[in-house]
Amino acid sequence: MRSKHRLGKFAWRTSFMAIAAVLALSACGGKPQAEPVEGPEVQSPVQPPVEDVKEPVAPAPHTAPLTGLAVEAPVTKRPLAVMINNAPAARPQSGLSQADIVYEVLAEGGITRLIGIFQSQEGIEKIGPIRSIRPYLIRLGESYGGVLVHAGGSPEAYSIIQKQGKQDLDEIGNAGAFFWRAKDRKAPHNLYSSDEKLREAAAKMGYDQQVQVPQYSFLAGELAGSTSGTDGTDDTNSTDGTQSSGGTADGTEGATGQAGTTDSAKSSGDAAENTSNAEQSSAAANSAGGAGQPADAGNAASEAGSQTGAAKEAAGKVDITFLLNSYVVSYEYDEASGTYKRSINGSPHVDLNNNEQLEAANVIVLGADHKVLDDIGRLAVDVETGSEAMLFQRGEVIRGQWVRAANDAIRFVKDGAEVALVPGTTYFNIVPNAPSFESHVSISNP
């Protein structure tokens, strides 16, 4: 009986364990759990390196009226026409590398005087040495609407300034506080100013801030040196907001210059021809960028190219003798910069401000009648009538004429049409017509 009871207890335990096992299997879905199977590895797409994409630089929307170089904003400042000493003791000068245009013309004693026309650049800390003014220098400076900057002048120049109320800044007269003398040079070769001081002086004097400034025609897409190129648009940048190319000179003060002739003066027939050429070229300038009607730069370049292409000849170097054989100015073409590098008596002519050699995108040599006025050697120089001229640019020379219409700047023309300039600084060199224009110019190809 007892054995039977033990057997029943064992059977109950076995049944209980079997039932528990069944329940466990049921809880697990009746099947043993398999190990999770990993699928193929999902690769994220490879991202290429981010490139530094630069936005294209838009061309500057404006051009400087006197250089044709691209500028970010319209050039509205009135030009400064500064009389700069060029005696040996005054060299090297300061600030000339930042002038838009430079004129060189004889003064007394066979030494030349320079006129720097400053407009498009600013922050010129030192300009000079500054010297006296003459009647023909007045006319050249005013042809660009410039405030005349000088230290003294000839009696005739002072008479013109006073009687005609010229807007000038004279260190000896009305604006001495805006000039200074350097201590490392002796007077009179040590007088300087800056563009900031000169503009401050002009404002204090109440001079006109809005004037008409000439607009030259420039070759589209050309570059000179390391400067910016023109954008090929027609942007006259007249400071009064109008399209014009006339200077502020009144055209009536030139009696002395027009009457002045050399000892080998031209005949009346030559004078008549000059007048005819001037009238013809003035009309041509009206249609090619002069006298209030600036032409499209591209059209001007095309027209000038078609008229002057056959007339060009190689000109790697030009030597200019104004009067003295011991004083020769040279311009040698530098293909790398596209400019003519300037020298005096074989030595580079540099700007003391930056020790850089002066350079020009365009070099214009023009003949004019000169006459000695007195025992001191003061001159009358005709900068009105027009005569022979040569234009040097891009290693070539074009032979033509210079003209100047009333209230306008000097322009270079060929076959009655104004020739477009290469954007950059232009140097005008005025030599006597006697004994002949070409006797002052020597062209070579080193």
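Trainee: What volume does the second largest cavity have?

Mentor: The second largest cavity has a volume of about 40 Å³. Here a cavity is a set of points, on a 1 Å grid over the protein atoms alone, where a 1.4 Å probe fits but cannot get out, and lining residues have an atom within 4 Å of a point. Grid points are joined across faces, edges and corners, and a volume is the space filled by probe spheres set on the points. Please keep in mind that this is a predicted model, in which local features need pLDDT of at least 70 and side-chain atom pairs count only at pLDDT 80 or more, while totals for chains, interfaces and linings use all residues. Residues are numbered from 1 along each chain as its sequence is written, and side-chain values use heavy atoms, with hydrogens and water left out.

Trainee: And how many cavities of 30 Å³ or more does the structure hold?

Mentor: The structure holds two of them.

Trainee: Switching to helices, which residues of α3 are buried?

Mentor: In helix α3, which spans residues 155–163, the buried ones are Ala 157, Ile 160 and Ile 161. They cover an arc of only 95 degrees around the axis, which puts them on the same side of α3. The arc is that of the directions from the helix axis to the C-beta atoms. Buried means under 20% relative accessible area, exposed means over 50%, and partly exposed lies in between, with a 1.4 Å probe and protein chains only. Helices (H or I, at least four residues) and strands (E, at least two) are DSSP runs, numbered from the N terminus.

Trainee: Why would residues a few places apart point the same way?

Mentor: An α-helix has 3.6 residues a turn, so residues three or four places apart point the same way.

Trainee: What do the buried residues of α3 pack against, and what is on the face turned away?

Mentor: The buried residues pack against α2 (135–142), β6 (147–150) and β7 (168–170), with contact meaning heavy atoms within 4.5 Å. The face turned away from the buried side carries the exposed residues Pro 155, Gln 162 and Lys 163. Just after α3, Gly 165 takes a positive phi of about 60 degrees.

Trainee: Where do the buried residues of α4 sit?

Mentor: In α4, residues 195–204, the buried residues are Asp 195, Leu 198, Ala 201 and Ala 202. Seen down the axis, they fall within an arc of 125 degrees, so they line one face of the helix. On the other side of α4, Glu 196 and Lys 204 are exposed. The buried residues of α4 pack against β3 (80–84), β6 and β7, and just after the helix Gly 206 takes a positive phi of about 75 degrees.

Trainee: You mentioned β3; how many of its residues are buried?

Mentor: Five of its five residues are buried, so to speak mostly covered. Leu 80, Val 82 and Ile 84 point one way from β3, and Ala 81 and Met 83 point the other way.

Trainee: Which strands does β3 pair with?

Mentor: β3 pairs with strand β5 (residues 112–118) in the antiparallel sense over five bridges, and three bridges join β3 to β6, these two running parallel. Two strands pair if DSSP finds at least two bridges between them. Val 82 has Gly 116 as its bridge partner in β5, and Val 82 also stands opposite Val 149 in β6.

Trainee: Last topic: is β21 enclosed or open?

Mentor: Six of the seven residues of β21 (residues 387–393) are buried, so this strand is largely enclosed by the rest of the structure. β21 pairs in the antiparallel sense with β18 (residues 362–368) over four bridges, and with β22 (residues 396–403) in the antiparallel sense over seven bridges. β21 and β22 form a hairpin with two residues between them, and Arg 394 in the turn has a positive phi of about 55 degrees.

Methods:
On a 1 Å grid over the protein atoms alone, a cavity is a set of points where a 1.4 Å probe fits but cannot get out, and a pocket is an open set with protein on both sides within 12 Å along at least five of seven lines; lining residues have an atom within 4 Å of a point.
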